[in-house]
Amino acid sequence: MAEPVIAITKRRALGGSLALVAIVAIGVLMLSRGLALRDTAFFSGWLLLLMCLFLALYNLRKKLTYPPLMRSATWLQLHVYVGLVSIAVFVMHSGFKWPTGAFETLLWLFYTGTAASGLLGLYITRTFPPFLTRRDEEIIFERIPRLRREVREQAEALIVESVKQADTTTLSDFYAKSLATYFATPRNYWHHVFESRVPVKRMCADLKRLDRYLCDKEKAIAAQLDELIRAKDNLDYHWAVQGTLKGWLFIHIPLTYGLLLFAVVHAVLVHAFDGSVS
Amino acid sequence: MPGAQTFEKPERWDLPFSQDLPNPDERRDMTEHDIGRLMSIEPFCHMDPANFPDRLPLRGILANDTRIRRYNNGDVIVRQGDYGNSAFLILNGKARVILETLDPKLVGRQVTKKRTAWESLVSVITRPRMPEVRDTSKYPQGHREREQTQQRGANEVAFVQDVSNVLRVDSDLFNKARSEVMQTGQVFGELAALGRIQRSATVVADGEAVLLEIRWQGLRDLRKFDETLRKHIDDRFRKRGLAATLRAAPLLNKLTEGAVAKVAQAAIFETYGSYDWYGSYQQLRKRDEDPLKNEPVIASEGHYPNGLLIIRAGFARLSHRRGNGEQTYSYLGKGQVYGLAELAYNAKNPHKMVPLSSTLRAVGYVDVVHIPTKLFEQMILPHIPADEIPPLPAWSTTSDTPPVADNVPPARGGSAATTSSKQLNPGLTEFLVENRFINGTATMVIDLDRCTRCDDCVRACATGHTNNPRFIRHGVVFDHFMVANACMHCADPVCMIGCPTGAIHRTAEGGVVVINDVTCIGCGTCAASCPYDNIRMVDIRDEDNPDALLVDPRAGKPIAKATKCDLCNEHHGGPACQRACPHDALKRVDMRELEPHLPWLNR
């Protein structure tokens with residue numbers, strides 16, 4: 001069942017080299033066609049469209065689980081390197097110029113948006129997983145809302161208990177002012193994405209500063225509340241990072257569909273008005 | 001229950017063994033006459049029906065857990081290497097056990113029928129929108145099935161675990177191969193059936209023969225309630241196990257048959273640990289105790305090596321002292337040996353002998369064949385090439401125990417001193433042994449540093465399995481590896497032990513542990529027995545009314561079925577989870593053969 005494994009660095013070097021060779025080859029071909037006064041825009045345009053269609057096929061492959069269509073990991077490698085080559089072809093095709101006209105601008109935006117979201121996706125899928133692994137606990141994304149509700153209910157129960165036991169509202173006031181909204185919804189998205197722990201440290205420090213106003217019973221409850229703040233922070237972290245790992249595709253894929261639609265229309269229009277091209 | 005559809009709850013003997021055959025022509029109910037005849041012959045005539053409980057009467061076992069099979073001359077009865085789920089008693093005629101390994105093609109090994117790419121594609125597109133939808137007409141207790149039962153034989157109902165026995169061994173080959181004849185009254189196949197292991201030899205009919213095939217659940221119950229049969233089977237189990245192990249041991253393959261027989265005479269068959277170890281292991285996990293304290297010691301570090309140990313079945317932990325504790329550095333499985341390095345060294349250096357360099361413990365249960373030192377030195381050692389004798393670990397030749405990092409001895413598949421592409425991280429070894437994941441032949445390991453938690457693996461699994469994934473992407477984590485809650489297709493599948501109908505079984509080819517949905521009665525025994533919590537009970541629906549759960553009208557409870565990973569056995573290309581992972585973060589790892597996976601584990 002074991003398949004040959006190529007070391008990641010070796011694989012990247014091989015893939016990168018092949019992509020570079022492909023880019024140079026396409027560049028040389030276009031240059032030679034240009035020098036021979038032959039069309040280059042149709043050549044690079046069709047090449048780009050075919051590349052985009054191939055790149056879009058990966059999503060279809062993901063839906064076809066069983067037919068023998070190569071492993072998804074192989075498809076992803078091809079997707080990444082063909083995508084990188086397509087950026088170079090796109091630059092050559094557009095002639096290093098900004099688009100003109102509404103249609104061309106939209107087409108340009110769809111391509112750059114798709115390519116940029118793809119590169120962003122590549123970056124986060126390679127860098128975020130180790131951050132998640134370093135957290136103590138693995139949490140299934142779909143379970144987070146339920147776990148968050150449980151943490152909030154526990155926190156609320158503790159606050160009710162603190163009022164009952166100490167007959168003061170120090171903790172409940174703090175909860176209402178600073179923690180109620182924190183426990184209610186996912187918070188601090190950008191902090192979590194950038195691995196910052198400032199908000200949770202600040203919140204725990206604020207709670208700690210209340211100690212001087214708390215009796216022993218309240219202090220014990222505050223200690224439990226501190227744990228719940230950290231537990232909620234951990235849930236928010238997983239929500240933010242796992243959500244980003246899943247969510248970027250919701251930008252990449254719709255942009256791809258838009259790109260394909262505009263690219264096909266673009267090809268039809270170009271051929272419809274190609275009287276000047278021999 | 002609102003929105004429910006009633007359906008009779010399945011029971012153990014709904015589908016007698018005699019009807020559980022792929023070929024409708026071979027299905028024949030056990031009649032009262034058959035049972036009466038069986039009760040008049042050995043070993044059944046010595047059994048006291050009073051020893052059997054009311055719920056499992058002797059006649060009931062014979063009627064429902066046995067079947068009479070007829071074979072023509074040369075018909076293959078069992079194939080070497082197949083995983084057996086039954087034993088055989090020769091009622092009439094003779095059978096010949098082939099003592100040589102035959103070409104699997106010649107003995108017609110059954111190959112699991114795979115779906116074509118088109119069938120796979122269609123099944124993905126046309127799958128029901130609700131989870132766990134079944135065609136209940138296939139169930140014996142189904143209304144439609146009842147109608148079909150009246151004309152049984154005309155319609156084919158496929159039950160997957162049976163081995164087709166219609167292929168014959170080529171007569172020339174049959175005559176040339178070294179073989180032994182078994183006469184009427186002899187029992188065979190019980191070793192593989194009870195041990196959940198592969199058949200050790202091919203058996204063919206020698207002339208026309210009539211055999212009683214006993215489903216292993218029936219054999220287990222007969223053994224349980226009849227003391228004489230239990231002793232008889234246990235004795236044969238040991239004797240045959242010993243001979244088969246010695247014949248299969250690579251160290252002994254240069255010995256003549258006579259020499260092997262001599263070794264077999266002096267060798268000792270030992271069993272450590274408990275056959276049903278999963279119960280104690282589950283309790284151990286709950287109590288969070290040190291597992292080493294509960295594992296029987298087979299041989300201790302520092303003791304004199306009094307013989308070579310060959311692991312016949314099960315797993316054993318290798319550890320050595322580190323400070324006030326012990327570090328696990330490797331494990332041994334079927335066919336591996338313990339003590340070879342020390343015995344070879346001591347034979348060469350009789351005045352500078354070394355003791356055993358590690359402690360061997362039974363993980364779960366272990367069958368061991370013990371070959372005494374003298375016999376080993378006289379008969380086996382001279383035939384072992386020098387380069388096949390492993391070196392002693394560094395600490396066994398020095399007085400002080402050196403730092404472990406410099407002296408971790410070879411692990412399975414390589415030295416484990418430091419982690420390189422050819423070595424396994426010592427901590428990972430300890431983790432795998434500690435959690436008994438070494439039992440897995442297709443353990444789902446996820447590299448969390450690469451896994452983006454996209455759940456493509458889960459979706460792919462659900463796509464091929466009635467919209468419900470057969471695993472949970474969650475499990476125990478060591479460093480950046482997670483062993484997910486997916487069936488590991490254990491070398492010793494203890495989940496099979498309690499199954500009353502034989503629904504959970506190993507495929508003859510490959511030994512994949514699968515569940516026959518038709519014969520599963522939803523008792524949950526396998527799910528409770530799985531030490532790794534990898535079997536789930538699910539409530540099922542009828543494809544004619546998928547919005548409603550099927551409910552047993554008598555108990556008012558949903559009809560449940562056991563489900564688990566089947567390694568996408570019916571599909572081409574291997575497990576969908578592994579193929580669907582875009583980041584190469586998920587592997588199904590055979591713990592018996594870690595070497596091919598080391599580059600991935602250490603990348």
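## Stops along chain B

Start by selecting B:Cys568, which sits in the loop between β26 (560-563) and α18 (576-580) of chain B. Helices here are DSSP runs of H or I with at least four residues, strands are runs of E with at least two, and both are numbered from the N terminus. Check the backbone here: phi of B:Cys568 is near 50 degrees, a positive value in a residue that is not glycine. With 6% relative accessibility, B:Cys568 counts as buried (buried means under 20% relative accessible area, exposed over 50%, and partly exposed in between, using a 1.4 Å probe and protein chains only).

Before moving on, a word on conventions: this is a predicted model, in which local features need pLDDT of at least 70 and side-chain atom pairs count only at pLDDT 80 or more, while totals for chains, interfaces and linings use all residues. Residues are numbered from 1 along each chain as its sequence is written, chains are lettered from A and ligands numbered from 1 in the order in which they are written, and side-chain values use heavy atoms, with hydrogens and water left out.

Now select B:Thr466, in the loop between α16 (456-464) and β18 (472-478) of chain B. Its phi is positive, about 45 degrees, although B:Thr466 is not a glycine. Is B:Thr466 buried or partly exposed? It is partly exposed, with a relative accessible area of 23%.

Next, go to B:Pro43, in the loop between α1 (32-39) and α2 (58-64) of chain B. Look at the peptide bond that leads from B:Glu42 to B:Pro43: it is cis, with omega near 0 degrees.

**Salt bridges**

Time for charged side chains. How many salt bridges does a search of the whole structure find? The count over all chains is 32, where a salt bridge is a side-chain nitrogen of Lys or Arg within 4 Å of a carboxyl oxygen of Asp or Glu.

Select B:Glu32 and B:Arg59 together; their side chains meet in a salt bridge at 2.9 Å, N to O. This pair links distant parts of the chain, with B:Glu32 in helix α1 and B:Arg59 in helix α2 of chain B, 27 residues apart. B:Glu32 is exposed, at 56% relative accessible area, and B:Arg59 is partly exposed, at 38%.

Then pick B:Asp65 and B:Arg215, joined by a salt bridge of 3.0 Å, N to O. B:Asp65 lies in the loop between α2 and β2 (66-71) and B:Arg215 in strand β8 (residues 202-215) of chain B, so the pair ties together parts that are 150 residues apart in sequence. Both B:Asp65 and B:Arg215 are buried.

Move to B:Asp584 and B:Lys587, a salt bridge whose closest N and O atoms are 3.6 Å apart. Here B:Asp584 is buried, with a relative accessible area of 10%, and B:Lys587 is buried too, at 2%.

For a network of salt bridges, select B:Glu132, B:Arg134, B:Arg470 and B:Asp517, which are linked in one.

**Last stop: a histidine and its surroundings**

Finish at B:His370, in strand β14 (residues 359-372) of chain B. B:His370 is buried, with a relative accessible area of 10%. What does its side chain meet? A polar contact of 3.5 Å joins the side chains of B:His370 and B:Glu270 (a polar contact is a pair of N or O atoms within 3.5 Å; within protein, one must be able to donate a hydrogen and the other to accept it, and residues adjacent in sequence count only if both atoms are side-chain atoms). The side chain of B:His370 also reaches the backbone oxygen of B:Asn306 at 3.3 Å.
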